[in-house]
Amino acid sequence: MIEHIRDANERWNLFETGKRVLIGVSGGKDSLALPRLLSLIPLEIELVHIGVDADEAFLDYCCELGTFHLVEEDILAKLPGRENPCFECSRIRKKLILEKAQERRIDRIALGHHRDDVVETLLMNMVFSREISTMTPRQPLFDGAFHIVRPLYTVPEKLLTSYAKERQFPVMQERCPYAGKTKRQTVRDLLMNLQREHRNIDVNDNLFHCMQRVNVDFLPE
């Protein structure tokens with residue numbers, strides 16, 4: 001997977017060797033794999049977790065990898081009654097991470113989104129937002145003062161799942177009451193069903209690469 005990261009960095013200029021990167025760690029397998037993989041590259045790593053649910057094994061793991069910041073904010077307590085809780089949670093979390101990046105004077109914020117997240121977001125936006133868009137490998141904010149980067153952008157989730165099991169990462173228990181009930185889960189289930197019915201192809205890989213093959217001659221102006 002480290003080759004995926006190096007190739008992504010060469011292609012999209014995600015970070016510079018020797019520079020500081022602030023990694024958002026949620027406690028899931030993807031965010032726990034990211035700092036371990038980036039530790040194999042000459043970078044100065046800092047980690048930040050937003051929440052009040054951190055257990056000892058998770059905290060120890062984060063502290064081993066670099067300077068660790070714990071922002072104790074109970075976002076879930078603010079979500080009941082919100083029309084779009086997932087969007088609100090993401091917005092609040094991103095705001096707090098940006099504040100920590102500003103405090104630490106770090107302009108690169110790395111998140112653990114992988115290839116399957118990119119494909120799911122693409123379909124979610126098409127179905128529910130009526131636009132063709134997805135998350136990008138590098139997203140500038142505030143006129144380029146900060147950049148959110150996604151070093152795992154081309155990494156299939158199945159590789160991260162195997163890596164997490166092999167390394168026995170201290171994955172925290174899911175405590176979000178909306179888990180499994182979201183639009184993302186609906187799209188994820190759709191993709192899983194497609195894959196079961198078409199085992200001779202990699203559905204997510206095909207969808208990921210179709211973004212590089214947009215045939216404008218067969219789209220309306």
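Phenylalanine 142 is exposed, with a relative accessible area of 59% (exposed means over 50%, buried under 20%, partly exposed in between, with a 1.4 Å probe and protein chains only). Phenylalanine 146 counts as buried at 12% relative accessibility. The model is predicted: local features need pLDDT of at least 70, side-chain atom pairs count only at pLDDT 80 or more, and totals for chains, interfaces and linings use all residues. Residues are numbered from 1 along each chain as its sequence is written, and side-chain values use heavy atoms, leaving out hydrogens and water.

**Aromatic rings**
- The whole structure holds six aromatic pairs (rings of Phe, Tyr and Trp, the last by its six-membered ring, with centres within 6.5 Å; planes under 30 degrees apart are stacked, over 60 edge-to-face, the rest tilted).
- The rings of phenylalanine 142 and phenylalanine 146 have centres 6.4 Å apart and planes at 80 degrees, so this pair is edge-to-face.
- Trp12, Tyr153 and Phe208 form one aromatic cluster.

**Nonpolar cores**
- The largest nonpolar core has 31 residues (a core joins buried Ala, Val, Leu, Ile, Met, Phe, Trp, Tyr and Cys residues through side-chain atoms within 4.5 Å).
- Ile5, Phe15, Ile23 and Leu38 have the most contacts inside this core.
- Its largest share, five residues, comes from α2 (helices are DSSP runs of H or I, at least four residues, and strands are E runs of at least two, numbered from the N terminus).
- A second, separate core of 18 residues includes Leu22, Leu79, Ile92 and Ile97.
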